[in-house]
Amino acid sequence: MDLKQELKISKALEPGHELALSILLTREYVSHIQEREVFEPEGVSSQQYNILRILRGGPTEGYMIKELRSRVIYRFADVPRLVNRLQAQKLVVRTPCPHDRRGSMVRITEKGLALEARVHERLDALMAHMDRALQPEERKQLVGYLERLRDDYRERLD
């Protein structure tokens, strides 16, 4: 469906507005479907899952909070608060950092690994569905365009 039709916009959109609205609406769809079909059934948020995924792929001793913060998708997430919630569910553990007394190391528990694996399986199924909407060359082009946009915006964040 055409963006203007879907949002019931009758006036012409400036190119930048059309692009931003299209990206935001698509993100909203993907996010809503992920929450409903992947994360909510397992009792975890997408941000919490992102932390678990990072820890699963990381070193066995875990990561410091500041390292997790630099790796998360949600750039403005309150990582210490997310870790506290995961710790309350016994999905991660925090231990004092041997190299930095001000920090703590966070690592995933067996319970966290099991949850991450279940969510990962659900997410893989959903991503396979998403992948079928574009041809491989189209996907490659879209990813390239989005990288250019992020690069342009990243400069404004610094």
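# Briefing: sheet, surface patch and salt bridges

Strand S2 is joined by five bridges to strand S3 (residues 104-108), and the two run antiparallel. The model is predicted: local features require pLDDT of at least 70 and side-chain atom pairs pLDDT 80 or more, while totals for chains, interfaces and linings use all residues. Numbering starts from 1 along each chain as its sequence is written, and side-chain values use heavy atoms, without hydrogens or water.

**Overall architecture**

- The chain contains seven helices and three strands; both are DSSP runs numbered from the N terminus, helices being H or I of at least four residues and strands E of at least two.
- Along the sequence the pattern reads α-α-α-β-α-α-β-β-α-α.
- A box of roughly 60 × 35 × 30 Å along the principal axes is filled by the C-alpha atoms of the chain.
- Of the 158 residues in the chain, 27% are buried (under 20% relative accessible area; exposed is over 50%, partly exposed in between, with a 1.4 Å probe and protein chains only).
- Among contacts in the chain (heavy atoms within 4.5 Å) with a separation of 6 or more, 50% are between residues 24 or more positions apart.
- The chain exposes about 11500 Å², of which carbon and sulfur atoms supply 53%; accessible areas follow the Shrake-Rupley method with a 1.4 Å probe, and for residues only the protein chains shown count as cover.

**Sheet**

- Three strands form an open sheet in the order S1-S3-S2, with antiparallel pairing (strands pair if DSSP finds at least two bridges between them).
- Val92 has Ile108 in S3 as its bridge partner.
- Helix H5 (residues 79-88) packs on the sheet and touches S2 and S3; its direction makes about 115 degrees with that of S2 (axes are lines fitted to C-alpha atoms, for helices over the stretch in contact, with angles from 0 to 180 degrees between N-to-C directions).

**Nonpolar surface patch**

- Leu19, Ile23, Leu134, Leu142 and Leu146 make up a nonpolar patch on the surface, together exposing about 360 Å² of accessible area.
- Patch residues have over 30% relative accessible area and no salt bridge; like charges are joined within 9 Å and nonpolar side chains (Val, Leu, Ile, Met, Phe, Trp, Tyr) within 5 Å.
- At least two residues of the nonpolar patch come from each of helix H2 (15-39) and helix H7 (136-157).
- Leu19 belongs to helix H2 and is partly exposed, at a relative accessible area of 43%.

**Salt bridges**

- The structure has eight salt bridges (a side-chain nitrogen of Lys or Arg within 4 Å of a carboxyl oxygen of Asp or Glu).
- Arg118 and Glu42 form a salt bridge through their side chains, 3.0 Å from N to O.
- Arg118 sits in helix H6 (residues 110-131) and Glu42 in the loop between H2 and helix H3 (46-57), so this pair ties together parts 76 residues apart in sequence.
- Arg118 is partly exposed at 41% relative accessibility, whereas Glu42 is buried at 19%.
- A network of salt bridges links Glu42, Arg118 and Arg122.
- The side chains of Arg56 and Glu116 form a salt bridge of 2.9 Å, N to O.
- Arg56 is in helix H3 and Glu116 in helix H6, so the pair ties together parts 60 residues apart in sequence.
- Glu116 is buried, with a relative accessible area of 2%, while Arg56 is partly exposed at 39% relative accessibility.
- Asp151 and Arg154 meet through their side chains in a salt bridge of 2.6 Å, N to O; both lie in helix H7, three residues apart, about one turn of the helix.
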